[in-house]
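Thanks for coming. Today I will talk about the spaces in one protein model, and then about its core. Please look at the structure while I speak.

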Amino acid sequence: MLALSQAIESYGVDPAPILQAGGVELTRFDINSRLASDAMDRMLCLAVETTGDEAFGLRFVEFLQPTSYHALGVALRYSPTLRSFCQRLERYFAMVTTMDETRFVESGEGVYLVTHPLVTYSDTLRRCHSDGWTAWIVKLLRQLTRRDYVPLKIDLLWSPPFYVLSRSEQLFHCPLNFARVESWVYLDPSTLDHPLPTSNPHLARHNDRVVA
């Protein structure tokens, strides 16, 4: 909620009315609270309408920190390898949300992280989620590996207009596929078991216990 508030505010817009539409008063919001999917949908739709930015999902991710998702963000940060990062994300993704699931897949189509909605999204939230989830994954990967990390390719749920497309291309620096059924981030399989510079297995396991 703090990241959402900061993202809205970055457009020069007062976030309070938008948060209130979802039944949230930030000064009283418990970090461990859960929001219903329809409340989140209302807030994101209103945020896009108020800011006029169809790429709001990309902006939102700029304000997410490892601790935005409690202990899971910390555990992910200290994962020993990309493989363990992906496995941990899949195993504990319900800590982030139960509106969708994230899976780590190794198949003939390649190695990728994929997200799948478990509830019915509005078209606006569907677009925001596809942008936001893929941008969040890439942001995490760049924090874990190197700042210029580039996925092999990315699948998005929608076909962005030109001005949004240019922002996506500048952010991801990889081939983009549009109007797909799910959002996929393809990874280089040869890098999955390389030790990560941020590796700390003890802290990763400790935060796993907090998440569990």
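The second largest pocket is lined by Leu58, Arg59, Val61, Glu62, Ala135, Val138, Lys139, Arg142, Arg167 and Leu171. Please keep in mind that this is a predicted model. The pocket holds about 170 Å³ of space. Its lining has five nonpolar and five charged residues, and no polar ones. H4, H7 and H8 each supply at least two of the lining residues, and H7 gives the most, with four.

Now the largest pocket. About 1,200 Å³ of space lies there. It has 38 lining residues, and the closest to its centre are Met1, Met40, Phe60, Tyr69 and Val96. By class, 24 lining residues are nonpolar, twelve are polar and two are charged. Which helix gives the most to this lining? It is H7 again, with six residues.

The whole structure has one cavity of 30 Å³ or more. Its lining consists of Leu64, Gln65, Pro66, Trp136, Lys139, Leu140 and Gln143.

In soluble globular proteins, nonpolar side chains tend to be buried together. Here the largest nonpolar core has 40 residues, and Phe85, Leu113 and Trp136 are among those with the most contacts inside it. H7 supplies the largest share of this core, eight residues. A second, separate core has 16 residues, including Leu4, Leu44, Met99 and Leu125.

Notes. Residues are numbered from 1 along each chain as its sequence is written. This is a predicted model: local features need pLDDT of at least 70, side-chain atom pairs count only at pLDDT 80 or more; totals for chains, interfaces and linings use all residues. Side-chain values use heavy atoms; hydrogens and water are left out. On a 1 Å grid over the protein atoms alone, a cavity is a set of points where a 1.4 Å probe fits but cannot get out, and a pocket is an open set with protein on both sides within 12 Å along at least five of seven lines; lining residues have an atom within 4 Å of a point. Grid points are joined across faces, edges and corners, and a volume is the space filled by probe spheres set on the points. A nonpolar core is a set of buried Ala, Val, Leu, Ile, Met, Phe, Trp, Tyr and Cys residues joined through side-chain atoms within 4.5 Å. Buried means under 20% relative accessible area, exposed over 50%, partly exposed in between (1.4 Å probe, protein chains only). Ala, Val, Leu, Ile, Met, Phe, Trp, Tyr, Cys and Pro count as nonpolar, Asp, Glu, Lys and Arg as charged, and the others, Gly among them, as polar.
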